[in-house]
Amino acid sequence: MDDVALMELALEQARAAAQLGEVPVGAVVALDGAVVAQAHNQRETTRDPLAHAEILAIRAAARVLGRWRLSGCTLYVTLEPCPMCAGAIVNARLDRVVYGATDPKAGAVQSLFQIVSDARLNHRAELCAGVLAEASAALLRAFFAARR
């Protein structure tokens, strides 16, 4: 599968999150173009502040692959990762991050911080921004508009 097809799966996960009243963010971890794990935000459902889509997908991928080093893997996520998730990306040794919408208030891979590409850290991930960005942003806008 290519980047667009895998981001479509992440968007499906985001839509599932919205159905549960969660902020609609979805994530997919892929290895050689094949899906290893998928997840969506579950902070409200689980009452867990760490239950971001990226964290859940990374944990699931590590279980499936039987290793914590996710080298060779790509993370697809509908919203630019926050500082916590960017740290998890570095620590999991993901090779690549593909995301949809930018997050000017909390984005930590390009917007506010550049954690996954910081040369001072022991690992860096390649970035690809803006894949299905408008669809990702529209889902978030609709979710928050309905909340207001």
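**Close-up views of a predicted model**

View 1. The aromatic pairs of the model come to a count of one. That pair joins Phe143 and Phe144, whose ring centres lie 5.1 Å apart with the planes at 85 degrees, so the arrangement is edge-to-face, the angle being over the 60 degrees that this class requires. Phe143, in turn, is buried, with a relative accessible area of 11%.

View 2. Phe143 belongs to helix H5, which runs over residues 133–147. The helix has 15 residues and spans 21 Å between its first and last C-alpha atoms, close to the 21 Å expected at 1.5 Å a residue. Its buried residues are Ser136, Ala137, Leu139, Leu140 and Phe143. Because these five cover an arc of only 155 degrees around the axis, they lie on the same side of H5. On the face turned away from this buried side, H5 carries the exposed residues Glu134 and Ala146.

**View 3. The largest pocket and its lining.** The largest pocket of the predicted model holds about 480 Å³ of space, and its lining is made up of 21 residues. Those nearest the centre of the pocket are Val23, Leu79, Asp103, Leu140 and Phe144. Helix H5 gives the largest share of the lining, with four residues. Sorted by class, the lining comprises eleven nonpolar, three polar and seven charged residues.

**View 4. Val77 in strand E3, and two separations between C-alpha atoms.** Val77 is placed in strand E3, which covers residues 73–79, and this residue is buried, with a relative accessible area of 0%. Although Val77 and Met7 are 70 residues apart along the chain, their C-alpha atoms are separated by 7.0 Å. For Phe143 and Pro81, which are 62 residues apart along the chain, the separation of the C-alpha atoms is 18 Å.

Definitions and conventions: Residues numbered from 1 in each chain as written. Predicted model: local features only at pLDDT ≥ 70, side-chain atom pairs only at ≥ 80, totals over all residues. Heavy atoms only, no water. 1 Å grid on protein atoms, 1.4 Å probe; cavity = no way out; pocket = protein on both sides within 12 Å on 5 of 7 lines; lining within 4 Å. Points joined across faces, edges and corners; volume = space filled by probe spheres on them. Nonpolar A, V, L, I, M, F, W, Y, C, P; charged D, E, K, R; others polar. Phe/Tyr/Trp six-rings, centres within 6.5 Å; stacked < 30°, edge-to-face > 60°. Buried < 20%, exposed > 50% of the residue type's maximum accessible area, 1.4 Å probe, protein only. Expected span 1.5 Å × (residues − 1). Arc of directions from axis to C-beta.
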